[in-house]
Amino acid sequence: MATTKWVIDPMHSEVQFKVKHLVISTVTGTFKTFDGQVETEGDNFETARVRFTADISSIDTNQAQRDTHLKSADFFDAENHPQLVFESTALRKTGGDTYKLSGNLTLRETTRPVELDVEFGGTATDFYGNEKVGFEVTGKVSRKEYGLTWNGITEAGTIVVGDDVKLYANVQFNKVKEEVAA
């Protein structure tokens, strides 16, 4: 069966993370620059092989001082580790439009297995005849497992940054049209 390639449409996709601050509220951040590809056998997404990258320097939490700190060696160390990388190892259907996506997530040269929840949003054809698919991806990782261990404690003994990081991605992929040999 022929391999079908899909590429992420950054104009219609977003990648976010959420982490607790002072244990009482949540800070949301986004990656503004990212890339992703999916390869399937035909149009069967149960056979999908996924690769996703996000540029650490594109982190945006809507607060420049915090963004600078997140990019520093205290956290992501963007200068020495410029990308987050996810590569799938398996996709398992769990319901009508739901899946479990297993793979390896690499941050700061540390690679750990993760399992993400995926909801298939459907397919559509745009005004130009391009076939598109949409997915919502969610999951949770421990930042400390990736060497992001910086933390502070307030005078009252409250931890400044939580360990669990929730991941949210709403992504749309464009089907790559096959090249016809001349």
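What is the relative accessibility of Glu39, and does the residue count as buried, partly exposed or exposed?

A: In this predicted model, Glu39 has a relative accessibility of 28% and therefore counts as partly exposed, because that class covers what falls between the buried limit of under 20% and the exposed limit of over 50%. Side chains of opposite charge can pair when their charged atoms come close. For Glu39 the partner is Arg49, and the two form a salt bridge in which the closest N and O atoms are 3.1 Å apart. Since Glu39 lies in strand 4 (residues 34-41) and Arg49 in strand 5, the pair ties together parts that are ten residues apart in sequence. Arg49 is likewise partly exposed, with a relative accessible area of 39%.

Arg92 forms a salt bridge with Glu115, where the closest N and O atoms are 3.6 Å apart. That pair links distant parts of the chain, with Arg92 in strand 7 and Glu115 in strand 9, 23 residues apart. Arg92 has a relative accessible area of 45% and so is partly exposed, and Glu115, at 43%, is partly exposed too. The other example joins Asp117 to Lys100, with the closest N and O atoms 2.4 Å apart; here again distant parts of the chain are linked, Asp117 being in strand 9 and Lys100 in strand 8, 17 residues apart. Asp117 counts as partly exposed at 34% relative accessibility, and Lys100 is partly exposed with a relative accessible area of 23%. To return to Glu39, salt bridges that share partners join Lys5, Glu39 and Arg49 into one network.

Strand 5 (residues 44-55), which holds Arg49, pairs with strand 7 (residues 83-93) in the antiparallel sense over five bridges, and Phe52 stands opposite Phe86 of strand 7. Strand 7 in turn pairs with strand 8, again in the antiparallel sense, over eight bridges, and the two strands form a hairpin with four residues between them. Within this pairing, Lys93 has Tyr99 in strand 8 as its bridge partner.

Two loop residues complete the picture through their backbone angles. Most residues other than glycine have a negative phi. Glu109, however, has a positive phi, near 65 degrees, and sits in the loop between strand 8 (98-107) and strand 9 (110-125), the two strands to which Lys100 and Asp117 belong. With 68% relative accessibility, Glu109 counts as exposed, because the class begins over 50%. Asn62 also has a positive phi, near 70 degrees, and lies in the loop between strand 6 (59-60) and helix 1 (64-71). Its relative accessible area of 74% means that Asn62 is exposed as well, whereas Glu39, with which the question began, is partly exposed at 28%.

Technical notes. Residues numbered from 1 in each chain as written. Predicted model: local features only at pLDDT ≥ 70, side-chain atom pairs only at ≥ 80, totals over all residues. Heavy atoms only, no water. Buried < 20%, exposed > 50% of the residue type's maximum accessible area, 1.4 Å probe, protein only. Pairing = 2+ DSSP bridges. Salt bridge = Lys/Arg side-chain N within 4 Å of Asp/Glu carboxyl O.
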